[in-house]
Amino acid sequence: MSVATVIERCEALFEDLHFKAVGEWKAAVPGRKAIGYLPIYVPREIVHAAGMLPVGIFGGGDRFEVIQGDAYYQSYICRIPRSTLELGLTGRLDVLDGMLFPSICDVIRNLSGMWQVLFKDKYVKYFDLPQDYDDATGGSFYVHEMQALRKDLSALSGNEISDEDLRASIAVYNDNRKAVRELYAYRAREPWQAPTSEVYLVLRAGCVLPPEEHTKLIMQYLAETEKQKRPQRDNARVVLTGSFCEQPPLSLIKSIEMAGCYVVDDDLQLIQSWLLDDVSLDKNPLQALSEAFLHRSASTASKYDEKKADKGQFLLHQVKTRGAEGVIFAAASFCDPALLERPMLQGILAKQKIPYTAFKYAENTGQMAPIREQAGTFADSIKLWSAA
Amino acid sequence: MSTTVQMMPSSAGAKKPAAPVQKEDSMWLQKELINGNYHEVATAHAVGKKVSATFVPGNLNELLMCFDFARRLPETDALQNGMRKKSGKMIMDAERDGHSEDVCTYVKSDLGMMLQGDLGPTGEPMPKPDVLLLSYTGCFTFMKWFELVRQKYDCETVMLHVPYQGDGRINPAMRDYVVKQINDKVIPTLEKVSGVKFDIDRLRQYMKESVKAEENLVWTLQSAKRKPSPIDGYFGAVYYIGPIFTAFRGTPQATKFYDTLRGEIEQRIREGKGPVTPEGEHPGEKYRLVVEGPPNWTSFRDFWKMFYDEGAVVVASTYAKVGGVYDFGFRHDPDHPIESLAEYCLGCYTNLNFPQRIDMICKYMDEYQADGLLINSIKSCNSFSAGQLLILREVEKRTGKPAAFIESDLVDPRYFSAANIKNRLESYFQMQKRTAAQSADQTRAVH
């Protein structure tokens with residue numbers, strides 16, 4: 001198998017908005033169930049421990065015509081809820097037995113209630129994540145939320161989820177996260193060998209594949225791409241940030257790369273790298289998941305920074321550890337969290353003299369020339385500055 | 001009783017003086033209270049008081065009073081600047097400072113006010129808050145808003161995360177989480193910043209006052225069930241909710257305000273009068289509406305006029321519940337003060353899930369004998385607006401009453417298109433008229 005074959009498979013999964021892979025997984029064993037989740041983060045381990053397939057729903061992309069979904073939203077609302085509704089209303093999500101809506105913003109929060117109204121036969125849960133990071137306070141609440149999900153999914157599957165089931169699933173996802181970390185580290189080391197347009201597709205495959213299979217796929221990609229040496233270019237190394245929910249079109253990622261940027265870190269598929277280390281297998285499993293969330297998880301605009309000094313530290317860490325020379329802020333239009341966060345992060349980068357540029361997109365943005373021009377100018381300016 | 005006073009001239013430089021505005025005495029009293037609070041905030045540091053800032057939904061006013069804080073509410077600042085036509089430039093200044101055109105204009109109005117030297121709506125300087133109480137109820141933007149303010153002011157910030165009623169109910173874990181944060185985080189921080197020791201009996205005492213005001217507020221809002229309604233439950237209600245949703249819940253001034261208000265409305269009921277509008281007595285109730293969504297503040301008077309010109313009275317609104325839903329029985333409970341604060345926060349309107357919001361509107365349509373629903377969809381406020389078109393469909397389906405949809409913004413004058421809104425409203429009222437005529441014809445045919 002070559003890199004091209006791996007990517008071809010990932011691309012097919014990415015483009016399939018009928019979620020055939022999920023249907024096939026369900027059909028392989030009668031009685032199997034699948035649960036969708038929206039960005040940014042849900043503890044997929046609980047879904048997996050219930051014997052179900054967690055399925056990431058990241059909108060409809062740039063080739064999907066939204067008709068009915070638009071009838072539910074004003075022009076000033078981002079696109080992901082429209083295309084997600086369209087997926088639901090056109091039956092493409094019938095393969096799912098339930099949906100989880102994590103707390104990310106008011107739009108996704110309200111979408112959870114819309115789903116309750118529109119899809120009454122499905123399991124729907126708004127999954128609240130704590131903004132208080134003390135174990136006894138936010139942790140206690142979060143454990144309760146996870147316990148409620150565990151109970152619901154036990155009822156839905158007809159099987160009690162034991163602590164051992166949970167530990168086994170945590171181990172599966174620890175392996176998956178380790179593979180994702182390796183992939184990110186490899187890309188940061190040799191971005192010409194693992195372009196983000198490919199890395200992204202490999203990660204997106206994790207939205208529909210069982211985690212065990214996805215881990216193998218990542219390792220397969222790493223092995224195959226290592227075999228096929230590609231030319232190194234004099235590109236600018238950048239962190240892409242702000243794209244954690246509604247996803248940019250693949251062509252936008254390609255455009256940034258074609259314009260002379262190596263993306264060495266990003267937040268595109270944040271769920272897969274949200275927990276920064278392995279989750280402990282020695283503790284009460286929900287407690288372990290809670291502690292990982294509270295103390296060892298990524299930072300993003302939807303998450304409260306307890307202290308002023310915390311703001312931007314995660315981004316600075318990404319820049320430093322990945323050896324980035326600049327930051328591209330790419331946020332979905334009308335994305336409140338990302339766009340409100342942006343000026344704060346820009347101020348912090350400016351103080352550190354880290355160059356940045358910023359633009360907005362929608363998942364169906366079609367015109368790439370302005371993006372290419374802006375990213376190209378940014379890359380050139382980095383190269384000029386570093387030469388000086 | 002109402003009085004006629006010349007309206008404050010607009011800073012926008014209107015060519016002819018505004019017509020005299022009519023308000024009930026309670027409305028003037030409300031204005032006096034709000035302006036008095038701005039003065040208290042402006043002079044707080046000079047007299048050795050600390051200043052807090054917190055948001056309207058889920059505000060812990062009684063608790064803040066226990067620590068002698070002068071109390072700022074940033075949405076009220078933005079709203080007042082909007083009504084005084086000052087917010088447009090503030091928003092543009094914030095946008096020039098790097099804030100996206102896509103985000104909430106309350107936030108940008110607040111940040112723009114800071115950029116302009118932090119003069120408050122009344123022209124007095126607004127001091128830097130000593131503490132930001134980030135009561136994060138029903139709106140994600142609040143979190144970012146105070147992070148932005150903290151970046152600027154570098155002041156103490158305490159977060160109170162209020163979980164959302166995703167399942168349409170408050171479970172014990174949600175309540176415990178909020179209670180624990182109040183006990184372990186909020187109170188110690190307020191003690192530290194203010195230097196005042198927390199006294200739970202003081203909190204109980206304030207809550208006893210809150211309950212009196214809450215009773216009269218509910219009575220006032222529910223007076224609109226009468227025909228004709230003696231109040232406007234949206235535009236007029238803005239004045240009625242002002243004290244209790246801001247720095248006055250739990251104060252004797254609020255109790256007095258709501259006593260006065262109730263007396264006025266009782267008088268109007270005895271006289272068979274409708275609401276007082278800025279132009280005087282309401283011309284006569286032709287249509288009874290329920291409104292969902294906040295009002296526009298920059299053209300508040302013009303917006304209201306579009307309604308009473310057509311003989312429309314808003315009999316109930318969801319916006320009048322944004323700082324607390326009291327009409328389904330909740331009252332602050334002096335016997336369980338902290339738990340009661342938690343219940344209050346958890347129960348605010350924008351913390352309710354969609355099925356709950358739809359149920360509430362349908363209930364209003366029924367109990368207030370409304371002819372229809374109007375949704376004023378606010379660009380700035382995704383918490384309210386995202387999904388409102390589904391609310392419209394569901395309410396129409398369940399009540400059989402027509403609904404209409406208009407769009408505007410809170411404090412960005414660029415998003416208030418008077419001609420478009422007027423056109424839509426006129427069409428809606430024509431449809432209402434036809435529906436009423438058809439219904440009358442059918443009734444005659446039956447008899």
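The questions and answers below concern a predicted model with chains A and B.

Q: How many helices and how many strands does chain A have?
A: In this predicted model, the C-alpha trace of chain A spans about 65 × 45 × 45 Å along its principal axes. Buried residues make up 57% of the 388 residues in chain A. The elements of chain A are 14 helices and eight strands.

Q: What is the radius of gyration of chain A, and what does the globule rule give for 388 residues?
A: Among the contacts in chain A with a separation of 6 or more, 77% come from residues 24 or more positions apart. Chain A is as compact as a globular protein of its length, because its radius of gyration is close to the value from the globule rule.

Q: Which element gives the most residues to the side of chain A that touches chain B?
A: The contact takes 43 residues from chain A and 42 residues from chain B. On the side of chain A that touches chain B, the elements giving two or more residues are α5 (106–118), β4 (123–127), α6 (135–157) and α13 (336–351) of chain A. By class, this side has 21 nonpolar, 12 polar and 10 charged residues. With 10 residues, the element that gives the most is α5(A).

Q: Is A:Ala168 buried, exposed or partly exposed?
A: A:Ala168 is found in helix α7 (residues 163–189) of chain A, and its C-alpha lies 19 Å from that of A:Val180, which is 12 residues apart from it in sequence. A residue needs 20 or more C-beta neighbours within 10 Å to be buried, while 12 or fewer make it exposed. Because A:Ala168 has 15 such neighbours inside 10 Å, it counts as partly exposed.

Q: Why is helix α5 (residues 105–115) of chain B largely enclosed by the rest of the structure?
A: The buried residues of α5(B) include B:Thr105, B:Lys108 and B:Met113. Their cover includes α13 of chain A together with α3 (74–83), α4 (87–96) and α6 of chain B. Helix α5(B) is largely enclosed because, of its 11 residues, the number buried is nine.

Q: Which helix joins β5(B) and β6(B) in a right-handed β-α-β unit?
A: Strand β5 (residues 131–136) of chain B runs parallel to β6(B), with six bridges between them, and B:Ser135 has B:Leu160 as its bridge partner in β6(B). Five of the six residues of β6 (residues 156–161) of chain B are buried, so this strand is largely enclosed by the rest of the structure.

Q: Which strands stand at the edges of the open sheet in chain B?
A: Four strands of chain B form this open sheet with parallel pairing, in the order β10-β9-β11-β12. Each edge strand has a single partner strand, so one side of each is left without a neighbour in the sheet. The edge strands are β10 (312–317) and β12 (403–408) of chain B.

Q: What angle does the direction of helix α15 of chain B make with that of β11(B)?
A: Strand β9 (residues 287–292) of chain B pairs with β10(B) in the parallel sense over five bridges, and B:Tyr287 has B:Ala312 as its bridge partner in β10(B). Helix α15 (residues 388–399) of chain B packs on the sheet and touches β9, β11 (372–378) and β12 of chain B. Its direction makes with that of β11(B) an angle of about 175°.

Definitions and conventions. Residues numbered from 1 in each chain as written. Chains lettered and ligands numbered in written order. Predicted model: local features only at pLDDT ≥ 70, side-chain atom pairs only at ≥ 80, totals over all residues. Pairing = 2+ DSSP bridges. Contact = placed C-beta atoms within 7 Å. Axes fitted to C-alpha atoms, helices over the stretch in contact; angles between N-to-C directions. Nonpolar A, V, L, I, M, F, W, Y, C, P; charged D, E, K, R; others polar. Rg over C-alpha atoms; globule rule 2.2 N^0.38 Å.
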